[in-house]
Amino acid sequence: MEKKDGYHVAVLGATGAVGQQMLNTLEQKNFPISTLTLLSSPRSAGKKLLFKGAEHTIQEVNPDSFSGVDIALFSAGGSVSKEYAEHAVRHGAIVIDNTSAFRMEENVPLVVPEVNEQALLKHQGIIANPNCSTIQMVVALEPIRQKYGLNKVIVSTYQAVSGSGAAAVEELYSQTKAIIHNESYEPAILPVKGEKNHYQIAFNAIPQIDKFVENGFTFEEMKMINETKKIMSLPDLHVAATCVRLPVATGHSESVYFEINKEGISVQEIKDLLATAPGVVLQDDPDNQIYPMPADCVGKSDVFIGRIRKDLDELKGFHMWVVSDNLLKGAAWNSVQIAESLINLGIVK
């Protein structure tokens, strides 16, 4: 069966930061859309958004909002996804969910197209978009795994405030102004809005993203650990993570240590491999102080890699620095890439 000229696409959570980026990405990629349905909570229903110069009114989501929809992009929070994903599937839509609601469910593919696109063939109506910090790391690691194998990964993240939402970014700005002008302020959001303690993010680093679990790691750290194993189909891979929030608006950075299966591999061989990897831009010239930085990645869809070097003690160990726009490749861009893959693989017709 030939591909259609256009598809009925729904975006749930259209007014949020990621929802807005999804619409921008759909427009930028000229995704084949015949009908666009924008959905949200009652609070945002009735608002209007522009898409390709045309005004669209946001509708309040209900169980029958997905009638006739081919692809539904969800980014309105895990509880909303849990409530409406099955309704969308019941109406025949394929759901691409940007929350953590379904990521670790056995029958739900967790997909980064550069890494495991073929997992989409096993979908049962719902496809999960991984955590933003996981996405950029596995894009960087997958070419290495394919050629040299992978035994261990230890990652420390330096994550942007936008990962906690627009209100957290505003808190960063307001705190920064208050401190500069010697004014008082009261932290109210970070590290976790629902926790009892809130801390200054301006001019600070907070070693907590999401709540702690019994083993001393946070949910964010466990997401990276478990999602990496699932996406790469390496259940026995040794992974550890420490996730830190920095006073950066957009762009996650990661210091990644990894061990491969082969000895005698040079830094140049790793660089050459990553230089041609899909979705990767290599920025690695220490002699000229060239390396990735979050300020330079904003608005770009690639994963930027630099500072590749051999570990001084472990023969199979290497270090690298990985940076990406957490709202684009870490969320909206990857979701739309999944939608494109569904079409290219003939899954949605």
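1. Cysteine 297 is buried in this predicted model: its relative accessible area is 1%. Cysteine 243 is buried as well, with a relative accessible area of 0%.

2. How many disulfides does the count come to? The count is zero. A disulfide is a covalent bond between the sulfur atoms of two cysteines. To be counted here, two cysteine sulfur atoms must lie within 2.5 Å. For cysteine 243, the closest cysteine sulfur belongs to cysteine 132 and is 9.1 Å away, which is too far for a bond. Cysteine 297 is in no disulfide either; its nearest cysteine sulfur, that of cysteine 132, is 12 Å away.

3. Next, the sheet. Six strands make up an open sheet with parallel pairing, and their order is S5-S2-S1-S6-S7-S8. At the edges are strand S5 (59-60) and strand S8 (126-128), each of which pairs on one side only. Strands of a sheet pair through backbone hydrogen bonds, either parallel or antiparallel.

4. Two of the pairings can be followed residue by residue. S1 and S2 are joined in the parallel sense by six bridges, and the bridge partner of histidine 8 in S2 is threonine 35. Strand S6 (residues 71-74) pairs with strand S7 (residues 94-97), also in the parallel sense, over four bridges. Here leucine 73 stands opposite isoleucine 96 in S7.

5. Is S1 mostly covered or uncovered? S1 is mostly covered, as six of its six residues are buried. Tyr7, Val9 and Val11 point one way from the strand, while His8, Ala10 and Leu12 point the other way. In a regular strand the side chains alternate between the two faces of the sheet.

6. Helix H1 (residues 17-28) lies across strand S1 (7-12), strand S2 (33-40) and S6, and runs at about 155 degrees to S1. Helix H9 (residues 328-344) lies across S1, S6, S7 and S8, and its angle to S7 is about 155 degrees.

7. Another point concerns a pair of helices. The axes of helix H4 (residues 132-148) and helix H6 (residues 219-231) come within 9 Å and cross at roughly 40 degrees. H4 and H6 are therefore oblique to each other. The crossing of H4 past H6 is right-handed. On the H4 side, the contact is made by Ser133, Thr134, Met137 and Val138. On the H6 side, the residues in contact are Glu220, Lys223, Met224, Glu227, Thr228 and Ile231.

Conventions:
Residues are numbered from 1 along each chain as its sequence is written. This is a predicted model: local features need pLDDT of at least 70, side-chain atom pairs count only at pLDDT 80 or more; totals for chains, interfaces and linings use all residues. Side-chain values use heavy atoms; hydrogens and water are left out. Buried means under 20% relative accessible area, exposed over 50%, partly exposed in between (1.4 Å probe, protein chains only). Two strands pair if DSSP finds at least two bridges between them. Helices (H or I, at least four residues) and strands (E, at least two) are DSSP runs, numbered from the N terminus. Contact means heavy atoms within 4.5 Å. Axes are lines fitted to C-alpha atoms, for helices over the stretch in contact, and angles run from 0 to 180 degrees between N-to-C directions. Angles under 35 degrees count as roughly parallel, over 145 as roughly antiparallel, 65 to 115 as roughly perpendicular and the rest as oblique. A crossing is left-handed if the near helix is turned anticlockwise from the far one by less than a right angle, and right-handed if clockwise.
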